[in-house]
Amino acid sequence: MAVQTAASTTDSTVDLGPAAALSCRECGHRVPLGPVFACEECFGPLEIAYDFSSYDTEELRKRIEAGPANIWRYAPLLPVPADVAEKPNLNPGWTKLVKADHLARELGVTGGLYVKDDSGNPTHSFKDRVVAQALEAARAFGFTTLSCSSTGNLAGAVGAAAARAGFRSCVFIPHDLEQGKVVMAAIYGGDLVGIEGNYDDVNRFCSELIGDPAGEGWGFVNVNLRPYYAEGSKTLAYEICEQLGWRLPDQIVVPIASGSQLTKIDKGLQELIKLGLVEDRPYKIFGAQAEGCSPVSTAFKAGHDVVRPQKPNTIAKSLAIGNPADGPYVLDIARRTGGAVEDVTDEQVVDAIKLLARTEGIFAETAGGVTVGVTRKLIENGVLDPTKTTVVLNTGDGLKTLDAVAGTGLTATIRPNLDSFREAGLA
Ligand SMILES: Cc1ncc(COP(=O)(O)O)c(C=O)c1O
Ligand SMILES: [Zn+2]
């Protein structure tokens, strides 16, 4: 794999708001902001380091509350320019935090259960949040083509964001994804390439393409723009706390594919604590996987620090990453916060999709079935405390994974008269 290191290209003159530099998660080495993702010293992942030193807590809170009803209300905490809201983009975020009382009753939760429903984003998944950050980085670094390796949702989010912002897009997916994801990714007019292989093959291919002249000038949102992209997931943490009245939840259940989202939700919560926007008290983060692609939960349960790659085989295709880049960091966070990582079978995923739909009127994609199913399992096993405030993430829309619930349909077919209706026993 050709690893683009910090030495190969940097740019310290870009304006990405409070983002001050890139910092290595492993060794702390700092480099100027640029389209790089691996440390030149140790090849560890780079992440954004900020300068928040000038912020006054109450002024910041007021500024956020007066901001737009999308992720840009948090622009002072993101790697984006101050005028970001005026640029053409999809303005994702500020999705509903649904108080799920019916689901709580079914699951025996008494401490307050909420579903953060990110299916309400412009392309119906949380990926619009991360792509919005990557787009600003792409603008800052002068890229004109947006690209990614995707398990489906990201491809659609990149296609739409590129269309809106006037970029070319060329995205890569495993060739055998759900039709809903393929159509979503293709409809915006960019190039969509199916790769004969699984996501890990697609990702490897993209890493090669970045090092090749054929990929020159391309911004791969989750590869060479990954440090910026990843920060978008912090907005889930910010929104959850603000929507709870600037309060930390006690427990959060997050789906895991690469693990990026989970690690950045933790980063977002830590930032809110440090900035004084929420009270400093413990919270637990739980990770959720499908049994057919459970490298992180397997490592967690075995007490390992390393994540052994798996070959995915699950209906939860959006989470089907067998070699998750952020797996070890997810293990750290689950252990540090007193959470856990658990997995559920495909059958349990389907049951959970139906449970959420039946109890709360939310039609989740398979990733949402994974989080709800894992929440139920963790409660049954006595791992998740039902007396505490709990937030479960639904990160995508069930209309994109209709095959998972095939067979759900008509209660009856009748002739258009009352006798026929009565005969069907529905009166
Ligand atoms: C719907 C959905 N939820 C969750 C995830 C997990 O994201 P991450 O790779 O940040 O763990 C994905 C990733 O593709 C996804 O599509
Ligand atoms: Zn390093």
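**Entry 1: the cysteines at the zinc ion**

I began with Cys-27, which is partly exposed, its relative accessible area being 43%. I note at the outset that this is a predicted model, and I read every value below with that in mind.

I then looked up what holds the zinc ion (ligand 2), and found it coordinated by the SG atoms of Cys-24, Cys-27, Cys-39 and Cys-42, at 2.2 to 2.4 Å. In sequence these donor residues follow the spacing C-x2-C-x11-C-x2-C. I placed two of them among the strands: Cys-27 is in the loop between β1 (19-24) and β2 (30-31), while Cys-39 is in the loop between β2 and β3 (46-50), so this pair ties together parts that lie 12 residues apart in sequence.

For the geometry I took the angles that the four donor atoms subtend around the zinc ion (ligand 2), which run from 100 to 119° and therefore make the arrangement tetrahedral.

Returning to accessibility, I found Cys-39 at 0%, which counts as buried because the limit for that class is under 20%. Cys-42, at 34% relative accessibility, counts as partly exposed.

With these cysteines in view I also searched the whole structure for disulfides, and the search returned zero.

**Entry 2: Tyr-329**

I next turned to Tyr-329, which lies in helix α11 (residues 327-337). Its relative accessibility is 10%, and Tyr-329 therefore counts as buried.

Which residues is Tyr-329 in contact with, once its neighbours within four places in sequence are left aside? I found Arg-25, Glu-26, Pro-45 and Thr-263.

I also checked Tyr-329 against Phe-220, which is 109 residues away along the chain, and the C-alpha atoms of the two are separated by 22 Å.

**Entry 3: helix α5**

Last, I went through helix α5 (residues 179-186), where I found Lys-181, Met-184 and Ala-185 to be buried. Looking down the axis of α5, I saw that the buried residues fall within an arc of 95°, and so they line one face of the helix.

What covers these buried residues of α5? The cover includes α4 (153-165) and β8 (191-195), so far as I have listed it here.

How values were computed. Residues are numbered from 1 along each chain as its sequence is written. Chains are lettered from A and ligands numbered from 1 in the order in which they are written. This is a predicted model: local features need pLDDT of at least 70, side-chain atom pairs count only at pLDDT 80 or more; totals for chains, interfaces and linings use all residues. Side-chain values use heavy atoms; hydrogens and water are left out. Buried means under 20% relative accessible area, exposed over 50%, partly exposed in between (1.4 Å probe, protein chains only). Helices (H or I, at least four residues) and strands (E, at least two) are DSSP runs, numbered from the N terminus. The arc is that of the directions from the helix axis to the C-beta atoms. Contact means heavy atoms within 4.5 Å. Donors are N, O and S atoms within 2.8 Å of the metal (3.2 Å for Na, K and Ca); water is not among the atoms, so sites may look incomplete. Four donors count as tetrahedral if all angles lie between 85 and 135 degrees; four count as square planar and six as octahedral if opposite donors are over 155 degrees apart and all others between 65 and 115; anything else is irregular. A disulfide is a pair of cysteine sulfur atoms within 2.5 Å.
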